[in-house]
Each structure stands twice: as structure tokens, then as C-alpha cells.
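This briefing looks at a few places in one protein chain and at what surrounds them. Please have the sequence and the structure in view as you read.

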Amino acid sequence: MEFLDVIDKRHSVRKFADRPVEREILDALISVAQKAPSSRNCKSSAFMVVEERDTLAAISEMRDFGSAFVKDAPAAIVVMGDETKTDLWVDNCAISATFLQLAATAMDLGSCWVHVNGRPRSKSDASLGDAETYLRELLGIKDGMRVLCVVAVGYPEE
């Protein structure tokens, strides 16, 4: 697929076919995301692939709005940045996540970005905390790593 065709074809997909994404394709998506530009070439972005159904369901509960569809995706990729490498980790992660989504489109996959950084778990109950803290605890993300977003990935439902 030509690059401009990928740009034209890419859109957010929240309904996925009940079909796993092959591990080599997920690995290829990560490889593309790792090649994204970063400030001073510090390569501060990191990725965690989640395919386990119970964990996907738990991720879908990180917010009471905008994340429920993750439970039905065959995979999700957590996009993280190492804040000890640069204060521009957010920018680097955003570029990496965009590369990841464009690569997914080029591979005939659908994807949808769910924002995490700075988002509350609930619109109406601040006592529930924030989505990033929830994911850090759920997934055992180490100190220094920050979560920008989760990208749900799968074959689009026909």
C-alpha cells in the first residue's frame, strides 16, 4: 500500500473481528514504532503488548469513558515513555504511537488510541484516581516509565 493511501485509509476502529493478530505482525508493529523519530534520538518510547483476555478486560476499565472497547480487541499495545531519558517523552510517545497506527493500517489492521496520560478514571468520581496510576499498578510498570496511551489493535469487524 502506498503511503498516501495509508493516510487516506487510516481511521479509528473500535470493533474487531474475533481473530487473533499473529505475533509476527505485532512484533512488526513494535519494530516500526521503535523506528519513529525521537528528541535527540534518545529513543525514550517503550511498548508492552497485551493479548491476554482478562488483562484486556481490566485495561478496558481504566476509564469509565472511551476505553470499554479494548476488552473486545485481540491485542493492545501500551505506549510508554522513559521520563528519565527526556522531558519530551510525551512527544516521542505520540510520534511512536502514530507510526504504530499507520503501520497497522498498512497491514490491514484496525486500531484506536485510548489516551491515558492525565486522564481521570471517572468523569464524576475523582476519588477513583487517574488512568495512568491504575495501569501502572495493573501491569507492574516500573518507576520512571510513564504511560501516554493504549492502542487497541485487531482485524476490523466486517
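In this predicted model, the side chains of Asp64 and Ser122 are joined by a polar contact of 3.0 Å.

- Asp64 is found in the loop between α3 and β2, and it counts as partly exposed because its relative accessibility is 47%, which falls between the limits of 20% and 50%.
- When residues up to four places away in sequence are not counted, Asp64 touches Arg121, Ser122 and Lys123.
- Thr105 is 41 residues apart from Asp64 along the chain, and the C-alpha atoms of these two residues are separated by 27 Å.

- Ser60 lies in the loop between α3, which spans residues 53-59, and β2, which spans residues 75-82.
- Ser60 has a relative accessible area of 8% and is therefore buried, since buried means under 20%.
- A polar atom of the Ser60 side chain lies 2.6 Å from the backbone oxygen of Ala57.
- Leaving aside neighbours within four places in sequence, Ser60 is in contact with Ser67, Ala68, Val70 and Lys71.

**The annotated domain**
- An unreviewed UniProt entry carries the annotation "domain: Nitroreductase", which covers residues 7-60 and 63-155.
- Residues 7-60 are 41% helix and 11% strand, and the end C-alpha atoms of this span lie 27 Å apart.
- Residues 63-155 are 29% helix and 26% strand, with end C-alpha atoms that lie 24 Å apart.

Note on methods. Residues numbered from 1 in each chain as written. Predicted model: local features only at pLDDT ≥ 70, side-chain atom pairs only at ≥ 80, totals over all residues. Heavy atoms only, no water. Helix = DSSP H or I, 4+ residues; strand = E, 2+ residues; numbered from the N terminus. Buried < 20%, exposed > 50% of the residue type's maximum accessible area, 1.4 Å probe, protein only. Polar contact = N/O pair within 3.5 Å; in protein donor to acceptor, adjacent residues only side chain to side chain. Contact = heavy atoms within 4.5 Å. UniProt positions renumbered as here; feature names shortened; annotations may be inferred.
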